[in-house]
Amino acid sequence: MASTETSTPPKPRGASWRRLLVAMSVIGPGIITANVDNDAGGIATYSQAGADFGYSLLWTLVPITGALILVQEICARMGVVTGKGLSDLIRERFGVRTTFYVMLALLLANLGNTVAEFSGIAQSLEIFNIPRWVSVPICAVGVWLLVIKGTARIVERIFLVACSVYLAYVISGFMAKPDWGEVIVGTLKPQLQWTGSALTMVVTVVGTTIAPWMQFYLQAAVVEKGIPLSRYKLCRLDVVVGCIATDVVAFFIVLACGATIFKAGGQITDAKDAAVALGPLAGKYASILFAIGLFNASLFASSILPLSTAYCICEGFGWETGIDKRREEAPQFYFLYTAIIAVGAGLVLIPGLPLLKVMLLSQTANGVLLPFVLIFILILARDERLMGAYRNGKWLQVTAWLTAVVLIILTVAMVGFSIRDALR
């Protein structure tokens, strides 16, 4: 009697490899963009949050991650659906004059942020007794050559490798031997000291997480990668994984400093102080890993921020852009990239320059620009003519607007605190 059972046909040989190759062709923009957010300024902020308040602010990273995923997903979706960068869409919808002022604010903010990144490079290598007049020029030339001589695929692979170095902070967190019971309470139980310093820190932690440049860079990177609609789900996964990964790193930075510097009653003013302080408290290797993480983050961001600025401004004014373009094909793109690196690195080498005030000024520029960028994004994402069936739905749009309002309120507060600190 013949069997009536039907056997499942075997999967074609190599199908798993093909799926892996498809995934590898899509991932990158989301993971890279989110991880660059943990730059020198971000690491300094998270370090100070842990050193000053222990584990009590860990819970803030949960809603922050949700907000970051929400905003980044919208930008990635717009890039896939329209095939255009955010600057391009702003110019087409809101006009050249509006685009000019947005690009000017972005240029000033990113220039200040680039100074902060080269300052982070200098500080991290000074721990190993390498002076800034050696470290900064060498690193500046290195990141410049990476983009000038590389291709988009090679540059992206190098950036993905740089993302993996953030694991140094996770290892440092475990080496600090935290009280995991207290960590769980700090993560799951919202608590806040209603003091000026605590509120300032919460606002600063939120403000360092969602920066205007991130939205422009992510959408530009998605467009340059040419991700089709058929692979959008993989692109969305790339964004979600990147956002979660970057805030896990932030979590362990806060945890490491809370378990050591806070418990010892110490104080820090920047990420370099945190790396040095970890030595006697958590061990030499924890301190070294923290310093390596700071160097990697600063070098990584000093590559991305000038690149992001060049993409945005060139898109905004309709100039040719892209790493795969030759210099004669995209002269404005390469000029801007070179100029921002040269000015950013050069300012760090000026003796007596008040770097802290430059960093505070860049944060203020970010704060002024972010509300406008969020509003532009939400108007564009709801436009049916632009997005078709992929526009924001009603409830997503309501959630996004509520998130934007909260972020705008906190950003305005951050600007106020920055101005107050700059005038002291």
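**Arg 385 sits out in the open, exposed at a relative accessible area of 75%.** Here, exposed means over 50% relative accessible area, buried means under 20%, and partly exposed covers what is in between, all with a 1.4 Å probe and protein chains only. A quick word before going on: this is a predicted model, in which local features need pLDDT of at least 70 and side-chain atom pairs count only at pLDDT 80 or more, while totals for chains, interfaces and linings use all residues. Residues are numbered from 1 along each chain as its sequence is written, and side-chain values use heavy atoms, leaving out hydrogens and water. Arg 385 forms a salt bridge with Asp 383, with 3.6 Å between the closest N and O atoms. For that label, a side-chain nitrogen of Lys or Arg must be within 4 Å of a carboxyl oxygen of Asp or Glu.

**Arg 93 reaches Asp 383 through a salt bridge whose closest N and O atoms are 2.9 Å apart.** Arg 93 belongs to helix α5, while Asp 383 is in the loop between α17 (355-381) and α18 (384-387), so the pair ties together parts that are 290 residues apart in sequence. Helices are DSSP runs of H or I with at least four residues, strands are runs of E with at least two, and both are numbered from the N terminus. Arg 93 is partly exposed at 38% relative accessibility, whereas Asp 383 is buried at 13%. Elsewhere in α5 (residues 86-94), the buried residues are Leu 86, Ser 87, Asp 88, Leu 89 and Ile 90. After the helix comes Gly 95, with a positive phi near 95°.

**Glu 182 and Lys 263 make another salt bridge, with their closest N and O atoms 2.9 Å apart.** This one links distant parts of the chain: Glu 182 is in helix α10 and Lys 263 is in the loop between α13 and α14 (271-282), 81 residues away. Both ends are partly exposed, Glu 182 at 35% and Lys 263 at 48%. Across the whole structure, the search turns up nine salt bridges.

**A nonpolar surface patch brings together Val 96, Phe 100, Tyr 101, Leu 104, Leu 108, Phe 317 and Trp 319.** Together they show about 680 Å² of accessible area, worked out by the Shrake-Rupley method with a 1.4 Å probe, where only the protein chains shown count as cover for residues. Patch members have over 30% relative accessible area and no salt bridge; like charges are joined within 9 Å, and nonpolar side chains (Val, Leu, Ile, Met, Phe, Trp, Tyr) within 5 Å. Val 96 is in helix α6 and is exposed at 51%.

**Phe 174 and Trp 180 form a tilted aromatic pair, 5.4 Å centre to centre with 40° between the planes.** Rings of Phe, Tyr and Trp (its six-membered ring) pair if their centres lie within 6.5 Å; planes under 30 degrees apart are stacked, over 60 edge-to-face, and the rest tilted. Phe 174 is partly exposed at 49%, as is Trp 180 at 37%. The structure holds 13 aromatic pairs. Trp 213, Tyr 217, Tyr 311, Phe 333 and Tyr 334 gather into one aromatic cluster.

**Lys 394 lies over the face of Trp 395, 5.6 Å from the ring centre.** A charge counts as over a ring if NZ of Lys or CZ of Arg is within 6 Å of the ring centre and within 35 degrees of the ring normal.

**Cys 312 and Cys 314 have sulfurs 9.4 Å apart, too far for a bond.** A disulfide needs two cysteine sulfur atoms within 2.5 Å, and the structure holds zero of them. Cys 312 is buried at 0% relative accessible area, and Cys 314 is buried at 0% too.

Most residues other than glycine have a negative phi. Asn 129 is in the loop between α6 (96-126) and α7 (132-149), and Lys 177 is in the loop between α9 (167-175) and α10 (180-188). Asn 129 is exposed at 71%, and Lys 177 is exposed at 72%.
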